[in-house]
Amino acid sequence: MRLLFFSALTTSAAQASGLATSGWDAAYSKAQAALQKLSQAEKAGIATGVTWEGGPCVGNTYAPSSIDYPSLCLQDSPLGIRFANPVTAFPAGINAGATWDRSLLYSRGVAMGAEAKGLGVHVQLGPVSGPLGKNPDGGRNWEGFSVDPYLSGVAMEETIRGMQDSGVQACAKHWIGNEQEVNRDTISSEMADRQTHELYVWPFMNAVRADVASVMCSYNKVNGTWACESEAILNELLKNELGFRGYVVSDWNAQHTGVNSALAGLDMTMPGSDFNTPRGSIFWGSNLVEAVANGSVPQSRLDDMVTRILAAWYLVNQDQGYPEVSFSSWNGGKASVDVTADHASVARAVARDSIVLLKNEAQTLPLRQPKSLAIIGQDAIVNPAGPNACTDRGCDNGTLAMGWGSGTAEFPYLVAPVDAIQAQADKTGTQIITSTTDDAAAGAEAAAAAETAIVFINSDSGEGYITVENNPGDRNNLDPWHNGNSLVQSVASSNKNVIVVIHSVGPIILETILAQPSVKAIIWAGLPGQESGNALADILYGSTSPSGKIPYTIAKQRSDYGAGWIYAQTDSFTEGLFVDYRHFDKNGIDPRYEFGHGLSYTEFAYSGLSINVLATSGPTIGSIISGGPVELFESVGTVSVHIVNNGSVEGAEVAQLYIGLPESAPLSPPKQLRGFEKVFLQAAGSGTATFELTRRDLSYWDVTLQKWVVPSGTFRVYVGASSRDIRLQGTFSVAS
């Protein structure tokens, strides 16, 4: 029933929006015809922002008069429409990734795109795969989907297809190497060629494969050159190697020169002026016209910029009756239309299915009509000043439902955990005892009066232009905020049946909490958006069995990760390919909770591993299509397993496929995620998970050949419930 619901949702949304696109070739044909009608000033205007606060959106271009083309509206964020209301505040990207559910990822993209179009937004600034999250304390990791490039790539592709099927241009960001907030405007990411391709480029290949309209270049330098004027990463890597046919837009004020950035492959500058100091200075606009006139920038380069921008507009059919912008970012954002429709149901489904049950001792969960419950911690309630009290969510007061920064949206409402639990308790006659501060003594007193205690803790982060509780965007440590460890310790000392709920931007160290014998269950609820409490109650009370899997590793101690943000002007990326579980596997480190871990209220058994793969070794030789060399995306076979639900309740299992490359692929990780499927099964039901492999899944980047290469030798196949919970193993061989 659930699958049918989302199928109907996405199909009806597609039909209502007239989603079919004509493809890049047709879009380019229209763009080239329109280009001939434009003056030089109009061309420059299409590529140049009108200055900060110069239009209703966070980014606006100049509208030409020679063709029927608007002032383009570019607007944050990757989880909803920033600075506008009413809009849906969807779960963050990290939660969407934790669902491991392609249909939900697509549905979330469709809903976000529909709201953007309804408000007249042409370009929604998301989704995010930069930062990828190599640093577990990185401030903006939560805006993306996962530290794993394969999972992140699938999520990028499904989200982009959903957004653009609804008629809004997606903008994949931040390209590339933007892995921390501290010194993000000046730091140089020193990225080796192989790690660049296999980790950081990989998700963007999926984005380009999905025909993403635009890509945002980042603030940092890459190997010593500003990302927004790097010939190596814009023209050579993105446009030539990946075959990207859309346009590159700068992050806001990430442009440093006029001519150099134009020659390197930047196509649009935002916001078009320096909104810091001196306000009003611009690199393009009339200066770009002059640069073309004096020969500094070829006419063909200006024409290419404009063609790419116009083609993206035509690609998603924005030339056909697109709505006018119906809000202003600068006067409270009140929209003249309500675009939220039934999107709360999508938000709730993503929030619910992203919840990860980390621990469940003695079947403490689901709750079975307890006589009394203690609800403890400030994270159980909405900020008393209101969910939108802090600009861009730049505080950690009340329950945490999104991080802070430009990647946020205004809550139309926020369902607090305590309120949703109270609604359930009213049905069962459960007494609710509350201590909704972080006072440890008060929490212990409330816990002592209840049969079961639920403690809420959190850990926040965000964009570096806001510092919250001395955290400069990036997190200072991986501990729970507001003395969360002490709160749990106090509660555990006075109640023998404690459940801990975590709202967090990323991993936290749980050793102090796990050392308490009374802590029987731990739930990771991430950043669930407006339906936070309702989604949590669905899991706590068992109306839905948890099916989320953590999209990163939770370590036993901070130092186990081997990477973190630094106070420096250079990040050498010394961890190489060995990020997150790859690092733990290579170094034989036991995680506390491994990548891909997540419990259910039922049990799943795996059997019948079938491997049918036929591939030839060697480098890519084919032509470039959107995403890269054409043969990279060709199927080379399948791996499948049989899964049985051995429990008494229905549930969903995320079966995961990991591949270990042969020894002929030097210095490769022991295993890497190369497939997953979420299988919904009734009690005692069974099904098959099938993973299709492509040549890319079997390849590594050869720095000498400068090509993707399928190595020869024996490939190792691992299928299981997480990166460490491997249920079945096998091999296949590729001849040289």
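A crossing of two helices is called right-handed if the near helix is turned clockwise from the far one by less than a right angle, and left-handed if it is turned anticlockwise. The model shown above is a predicted one, and the crossing of its helices α2 and α11 is right-handed. The contact draws on Gly 23, Trp 24, Ala 27, Tyr 28, Lys 30, Ala 31, Gln 32, Ala 34 and Leu 35 from α2, and on Asp 303, Val 306, Thr 307, Arg 308, Leu 310, Ala 311, Ala 312, Tyr 314 and Leu 315 from α11. By type, twelve of the residues in this contact are nonpolar, three are polar and three are charged.

The next part to find is a sheet. Strands of a sheet pair through backbone hydrogen bonds, and the pairing is either parallel or antiparallel.

Strand β21, residues 635-645, can be followed to both of its partners. Eight bridges join β17 to β21, and nine bridges join β21 to β24. A residue to look for in β21 is Val 639, which stands opposite Ile 611. On the β24 side, Val 639 stands opposite Phe 691. Further along, Ile 643 has Gly 687 of β24 opposite.

A second open sheet of three strands has the order β18-β26-β25, with antiparallel pairing. Its edge strands are β18 (618-619) and β25 (700-702), and each of these pairs on one side only. Two bridges join β18 to β26, the strand of residues 707-710. The bridge partner of Pro 619 in β26 is Val 709. A helix also belongs in this picture: α7, residues 193-209, packs on the sheet and touches β25 and β26. The direction of α7 makes about 130° with that of β25.

A record can be set beside this region. In an unreviewed entry, UniProt lists residues 653-723 as "domain: Fibronectin type III-like". Over residues 653-723 the chain is 59% strand and 0% helix, and the C-alpha atoms at the ends are 14 Å apart.

Some details of the backbone remain. Gly 130 and Pro 131 are joined by a cis peptide bond with omega about 15°. Pro 131 is found in the loop between β3 (123-124) and α6 (149-165). Another cis peptide bond joins Lys 173 and His 174, with omega about -5°. His 174 has its place in strand β4, residues 169-175. Phe 83, a residue other than glycine, has a positive phi, near 65°. To find Phe 83, look in the loop between β2 (73-75) and α4 (93-99).

Note on methods: Residues are numbered from 1 along each chain as its sequence is written. This is a predicted model: local features need pLDDT of at least 70, side-chain atom pairs count only at pLDDT 80 or more; totals for chains, interfaces and linings use all residues. Side-chain values use heavy atoms; hydrogens and water are left out. Helices (H or I, at least four residues) and strands (E, at least two) are DSSP runs, numbered from the N terminus. Contact means heavy atoms within 4.5 Å. Ala, Val, Leu, Ile, Met, Phe, Trp, Tyr, Cys and Pro count as nonpolar, Asp, Glu, Lys and Arg as charged, and the others, Gly among them, as polar. Two strands pair if DSSP finds at least two bridges between them. UniProt positions are given in the numbering used here, feature names are shortened, and annotations may be inferred rather than shown by experiment. Axes are lines fitted to C-alpha atoms, for helices over the stretch in contact, and angles run from 0 to 180 degrees between N-to-C directions.
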